[in-house]
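Colleague: Could you take me through this model? I would like to start with the core, then turn to the sheets and the rings.

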Amino acid sequence: MLNVVRNVVQKDLCSGCGVCAGVCPTDALSMKIQENGDLTPSVDVVLCRDKCHMCLDICPFSQGLYNPRERNTELFNLTSDTKYDADIGWFSDCFVGYRRDETLRKNSSSGGLATWCLEGLLKRGLVTCVAVTRIARNKDKGFFEFYAASSVDELRQSAGSIYHPVELSEIVKEITADRSKRWAIIGVPCLCTAIRNSVQLKKTVPFVLGLACGMYQNTYYTEFLLSKSGVNRTNIKKIEYRRKSDGGPPSDYRFRGTDNRGTGKEVPYRGLPFYLGKNAYFRLNACNSCMDVFSEMADACFMDAWLPAYYQEPKGTSLVVVRNRNLIELLREGQIRGEISIDKICPEEVVESQRGHVRRKRELIYMRRGMREPDDTGRAKPTAMEKIIWLLQRHAQNRSKRAWVKYGRKYGRLAFWLAIVDVLFMQSITTIVWKANQLPGRLIRKYRDILSRMKGKE
């Protein structure tokens, strides 16, 4: 029997979007958190129809490797003025900017343009509902859930990034039950692709907005950070992954979990959250088979402006890759009315802002998959150090999930670290070797900078 559980979940390729469970015509699929912390569908084989495989038709990972370019071309290479970039795919324009309302901008992850666009779609009647996230009332499927926001006030309550799998099955069922409504949905690339692949959602979801993605973690990542924040995972009122600091650079943000008593300490991002993400702790294995950085199936993709010109702007700045002309008109109208500030930016700078993600997801994917890289890519081949780092990441990805459920949940973070002390040791050695290899290049660049300054003074 062909279904997404047998062909995707059992191969450890599910990202937990839940769209398959939402469109299943017999309700044979249901989303559950598995023992390793991954959110995946389970199947009732009695209800599952043989030869249906509707779930496989929409899943980005049904063929194993997920390369979005073919579908991106079908959807967006429609006019003569459409532009192309080898990493972004087909698109119409790229913008950099922010919303002018200082309070709303501060409450957003970066410059607030994603929330502003969703508000604009609602205000202009282009959609009647927006699928956004909130703290889940039932934690059986994780800490967050999608819900239908039908007003600007409801929409603003959900502003901010979430680094946690959130499944869409109940919203999909709501969409298909009432086809009179028009929806906008925002999410990570794999979720956007599943929505675009669904024939049932084609007319009722006219706008799909995406987020740039550099791989993310399963539910245990949030549990671990909540433990560090000093709150119990069963008593959560609020979770902030990117709590901005006052006056600091945009990268100086913190994680904070808040319980019903209002307690919970901040965890600097450059500490534990960055370490876990960089070293692939709790990573979803599906991310290792995904080449989509810029949500190529989405009408627009939003991301942080990690570029030198915007590093010191504490309120944050957004980059947007737009593929839908309606959204370009929306942005221009907002600029005329003074609601947002935007400028065009070249696609090369957009790619540069996500250089690490591009290298990891698009250039090193053949190494991760054990596949022969095409000869015509023009990419730099993986270095020996990158191969070693990948082997350690793959080990840390699996070991961290087992160690947290077996030791960390019961005995705390110290027990977790002790259970993977060999992984920590090997990662420390690798970091030392990597820094030693980088040192000559850094010294040469510093020497050249000194010479150029001396020549400037002369």
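Colleague: How many residues does the largest nonpolar core have, and which have the most contacts inside it?

Modeller: Two remarks on conventions come before that. This is a predicted model, in which local features need pLDDT of at least 70 and side-chain atom pairs count only at pLDDT 80 or more, while totals for chains, interfaces and linings use all residues. Residues are numbered from 1 along each chain as its sequence is written, and side-chain values use heavy atoms, with hydrogens and water left out. The largest nonpolar core has 74 residues, and those with the most contacts inside it are Val4, Val19, Phe61, Leu168, Ile195, Tyr281 and Phe282. A nonpolar core here is a set of buried Ala, Val, Leu, Ile, Met, Phe, Trp, Tyr and Cys residues joined through side-chain atoms within 4.5 Å. Buried means under 20% relative accessible area, exposed over 50%, and partly exposed in between, with a 1.4 Å probe and protein chains only.

Colleague: What is valine 4 in contact with?

Modeller: Leaving aside neighbours within four places in sequence, valine 4 is in contact (heavy atoms within 4.5 Å) with Val9, Cys20, Leu29, Pro41, Cys55, Leu56 and Cys59. There is also a second, separate core of 28 residues, which includes Trp116, Leu122, Phe302 and Ile342.

Colleague: On to the sheets. In what order do the eight strands of the open sheet come?

Modeller: The order is β7-β6-β8-β9-β13-β14-β5-β15, with mixed pairing. Two strands pair if DSSP finds at least two bridges between them. Helices (H or I, at least four residues) and strands (E, at least two) are DSSP runs, numbered from the N terminus.

Colleague: Why is one side of β7 and of β15 left without a neighbour in the sheet?

Modeller: β7 (144-149) and β15 (340-344) stand at the edges and each has a single partner strand, so one side of each has no neighbour in the sheet. On average, neighbouring strands of this sheet are turned by 30° against each other, direction ignored. For such angles, axes are lines fitted to C-alpha atoms, for helices over the stretch in contact, and values run from 0 to 180 degrees between N-to-C directions.

Colleague: And β6, how many of its residues are buried?

Modeller: Five of the seven residues of β6 (129-135) are buried, so the strand is mostly covered. β6 pairs with β8 (183-187) in the parallel sense over three bridges, with cysteine 129 opposite tryptophan 183. With β7, β6 pairs in the antiparallel sense over six bridges, and alanine 131 stands opposite alanine 148 there.

Colleague: Which helix lies across β5, β9, β13, β14 and β15?

Modeller: That is α12 (residues 325-336), which runs at about 125° to β15. Leucine 211 has phenylalanine 302 as its bridge partner in β13.

Colleague: What is the order of the three-stranded open sheet?

Modeller: The order is β10-β11-β12, with antiparallel pairing. β10 (236-244) and β12 (266-268) are the edge strands, each pairing on one side only. Helix α10 (residues 219-229) packs on this sheet and touches β10, β11 and β12, its direction making about 80° with that of β11.

Colleague: Changing topic, how many aromatic pairs does a search of the whole structure find?

Modeller: The search finds 17. Rings of Phe, Tyr and Trp (its six-membered ring) pair if their centres lie within 6.5 Å; planes under 30 degrees apart count as stacked, over 60 as edge-to-face and the rest as tilted. The rings of tyrosine 163 and tyrosine 241 have centres 5.6 Å apart and planes at 80°, so this pair is edge-to-face. Tyrosine 163 is in the loop between α7 (152-156) and α8 (169-177), whereas tyrosine 241 is in strand β10, 78 residues apart.

Colleague: Is tyrosine 241 buried or exposed?

Modeller: Tyrosine 241 counts as buried, at 4% relative accessibility, while tyrosine 163 is partly exposed at 28%.

Colleague: Lastly, where does serine 295 lie?

Modeller: Serine 295 lies in the loop between α11 (272-278) and β13. Its phi is near 45°, a positive value in a residue other than glycine, and serine 295 is buried at 0% relative accessible area. Lysine 51, with phi near 70°, is exposed at 69%.
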